[in-house]
Amino acid sequence: MIADDDNKDGAARYDHAEVEARWQAYWDDHQTFKATRRPGKPKRYVLDMFPYPSGAGLHVGHPEGYTATDIMSRYWRMCGYDVLHPMGWDAFGLPAEQYAIKTGTHPAETTAKNVQVFKRQLKTLGFSYDWSREIDTTDPDYVRWTQWIFLQLFERGLAYQEKVSVNWCPALGTVLANEEVIDGKSERGAHPVERRPLRQWLLKITAYAERLAADLDQVDWPDGTMTMQKEWIGRSEGAEAHFAIQGLDGEGFQVFTTRPDTLFGATYCVLAPEHPLVAKVTTEERRAEVDRYVGAAINRAERDRIAAVKDKTGVFTGGYAINPVNDQPVPIWVADYVLMTYGTGAIMAVPAHDDRDWAFATKFDLPIIEVIQGGDVTQAAYTDHDHGVVVNSGFLDGLEPPAAMTKISQWLADKGLGQAKVQYKLRDWVFSRQRYWGEPFPIYFPVTLTDPAGDPRTGTDHEIHYDQPIAVAESELPLRLPELEDFAPGDEPAGALARVVDWRYFQRDGQWYARETNTMPQWAGSCWYYLRFTDPHNAERGWSEQADADWLPVDLYVGGAEHAVLHLLYARFWHKVLYDIGAVKHPEPFIKLVHQGMILGEDGEKMSKARGNVINPDDIVAVHGADAMRMYEMFMGPLEAVKPWQTSQIQGVVRFRDRVCAVCSRPVTDDWDEETKRLVHKTVKKVTADVERMAFNTALSALMVLTNHLMGLDPVPRRAAEALCRMMSPFAPHLGEELWRKLGHDDTITFAPWPHHDDGLCTDDTIEMGVQVNGKTRGTVTLSCDADAEVARAAALAVPAVCKHVEGKEVKKFIFVPKRIINFVVR
């Protein structure tokens with residue numbers, strides 16, 4: 001409620017706790033934000049990146065993005081759009097499983113409690129979510145359709161098994177992505193990580209590499225994110241060339257190079273430590289050293305191997321390859337900076353024209369042959385490949401590099417020694433996890449028993465035929481996880497599910513089968529949740545064609561930049577597969593993407609329990625109210641910027657809120673003066689433009705200026721008060737509802753029309769300009785906006801302070817730029 005008496009600065013006392021609780025109950029009771037489609041109305045699908053409900057709940061940094069999407073959702077509703085703004089939970093994941101291992105509490109129980117905390121906090125902040133569409137990735141109805149999508153991939157050859165050298169963390173009991181390993185230890189918990197070959201499921205994302213790169217032209221994303229996506233995909237044009245191995249008939253390897261014009265300068269080759277030819281090309285004299293090097297290298301995480309740019313290591317195998325363009329033998333080395341998982345696992349080195357190769361050749365005293373003239377390659381590599389002339393290259397001599405690239409590519413193809421090729425840095429997606437708390441794969445395998453009358457569940461020797469995967473029938477989905485009491489993965493990578501023999505093994509028509517015991521990664525559920533939000537209660541399909549037509553694609557997607565690569569890449573891959581099978585009608589899932597900046601602790605550091613700098617939003621809301629917190633986070637600076645939290649500064653926003661309350665609580669009049677009318681129209685124009693570009697801090701600044709002006713009026717023009725109330729509503733929705741009701745309206749402000757402006761009232765007839773003498777401001781003058789130079793000069797000279805500095809001096813030049821500059825240049 002709002003008290004009738006004002007406090008000392010003229011603002012009404014505002015009971016935020018009572019007002020906010022009352023309007024939150026109203027929204028729940030009336031399902032105010034339930035998304036429906038109306039014939040002929042435009043739509044907006046506004047989505048937050050799926051939150052993981054951790055046990056710690058929200059800190060004040062989390063609601064920043066949620067507040068931004070809520071402002072846009074409320075604004076678009078007022079502009080007449082049908083708005084879908086849902087919320088749900090990315091609830092599978094390692095933290096809940098680790099807690100279960102530690103305490104014996106089932107992950108489902110932990111997750112449910114965490115969801116309750118998150119949901120309460122989000123509701124307390126007044127976010128306009130359609131809670132009737134709430135989803136949870138662990139819900140069997142959701143798992144069913146995650147498994148269904150996997151089967152679409154499997155049936156099209158896009159999901160396959162392979163032994164892969166992976167980052168196995170015994171302490172966490174799971175495989176970690178390269179990005180989750182830092183200096184040989186897990187990012188979570190700093191546990192030792194080792195490299196092991198494991199049977200894994202992979203998704204053939206590389207089959208979509210070209211489209212994933214090309215279709216970025218169809219979206220409006222931050223430049224940095226677009227660059228990261230393109231670099232991760234890593235499209236390279238060049239040629240593949242075949243290097244035969246000296247002394248081993250029929251043996252050889254392919255190398256991919258973006259610079260086939262430098263082939264005559266290749267003076268050595270390098271194989272990845274895992275390359276199958278390493279053992280064959282290594283001579284007996286070199287074998288012991290090579291074996292030691294390979295053994296150490298394969299236990300290093302790929303990210304660490306790539307990152308070691310300053311001190312490249314390697315060993316000579318004793319073997320030689322034959323350069324295909326000149327038949328010259330070149331030594332074969334093994335080095336850990338070459339990865340088996342990228343390209344062919346082999347490279348040719350041209351030290352004269354590559355910085356890395358030059359450093360390696362210089363360190364190990366290998367030949368350096370100049371093949372593009374332009375620099376002193378004895379001192380450094382010459383890498384300006386756009387200029388220079390090809391030399392020391394036989395039939396390529398005298399050509400410029402682009403022409404030489406075309407000619408050598410054709411020569412390789414004609415000789416059967418290679419071909420032009422496009423290659424991608426992107427690798428197929430390792431999709432298996434050796435843990436319990438994830439979606440089970442809807443796959444099983446035939447089992448052969450040594451004793452046909454035996455039972456694999458009781459220890460009969462048997463073989464699982466992993467090379468014969470069988471899809472679970474769609475009618476049998478979802479395949480559910482078994483109930484467990486012991487969630488520990490054990491010492492071996494098989495994982496907890498491998499121990500649940502009654503679930504793992506089953507018999508059908510006399511044949512024994514074994515279920516897949518790997519589970520899907522947490523990425524799985526978050527790859528398609530935006531689709532389920534459009535039709536969350538559909539029992540027959542994951543989403544209907546009508547839901548697709550009604551809401552897709554997502555118009556605005558907001559989340560942290562830490563998801564700029566993998567989540568977005570994986571979700572786009574799944575979406576394109578679904579597009580190809582006709583399950584969705586749009587080639588891209590997220591049209592506009594915005595990353596909110598991080599909110600740091602008051603010490604300027606990232607918020608964390610360890611630093612003790614976490615601010616709980618519950619505490620801020622209890623003292624200052626949800627609207628004040630929302631506005632403070634938007635007023636801190638540009639949405640995309642990194643900003644430190646300062647609790648002491650919230651009071652300024654509280655005073656602003658209370659002044660708005662005071663203005664809209666005063667008596668109103670149907671009359672308004674010209675100055676107020678113009679200011680209201682200017683403010684509407686400014687705030688509308690700022691909200692459209694999500695510049696919320698400057699929108700609030702404009703609202704503060706208008707509020708300060710209206711504080712000087714009593715009574716307040718009704719049209720000004722109502723415009724202010726409507727513009728404030730997306731930022732401070734509880735306040736907006738309360739003041740809208742106080743201004744005499746019975747309905748919610750949610751669908752009240754957004755105010756419009758008249759451009760004619762946004763242009764001033766006069767303008768105040770500074771007058772300079774020799775570049776220094778000496779006074780000001782008020783001019784008509786259409787004043788010419790003669791009028792401006794006369795008015796400026798009529799200002800005493802200006803006249804004082806001009807009188808008696810020669811005016812060498814008078815500069816007048818309408819609405820911008822008046823300057824006398826005097827001697």
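## Strands that pair

Helices (H or I, at least four residues) and strands (E, at least two) are DSSP runs, numbered from the N terminus, and two strands pair if DSSP finds at least two bridges between them. In this predicted model, local features need pLDDT of at least 70, side-chain atom pairs count only at pLDDT 80 or more, and totals for chains, interfaces and linings use all residues. Residues are numbered from 1 along each chain as its sequence is written, and side-chain values use heavy atoms, with hydrogens and water left out.

## A four-stranded sheet

Let's start with an open sheet: four strands line up as S4-S3-S25-S26, with parallel pairing. Strand S4 (82-84) and strand S26 (590-595) sit at the edges, each pairing on one side only.

Strand S3 (residues 43-48) joins strand S25 (residues 554-559) through three bridges, in the parallel sense. Look for Val 46, which stands opposite Leu 556 in S25.

## What about the cysteines?

You'll find zero disulfides in this structure (a disulfide is a pair of cysteine sulfur atoms within 2.5 Å). Take Cys 79: the closest cysteine sulfur, in Cys 725, is 15 Å from its own sulfur, so that's too far for a bond.

Cys 79 is partly exposed, at 32% relative accessible area, while Cys 527 is buried, at 1% relative accessibility. Buried means under 20% relative accessible area, exposed over 50%, and partly exposed in between (1.4 Å probe, protein chains only).
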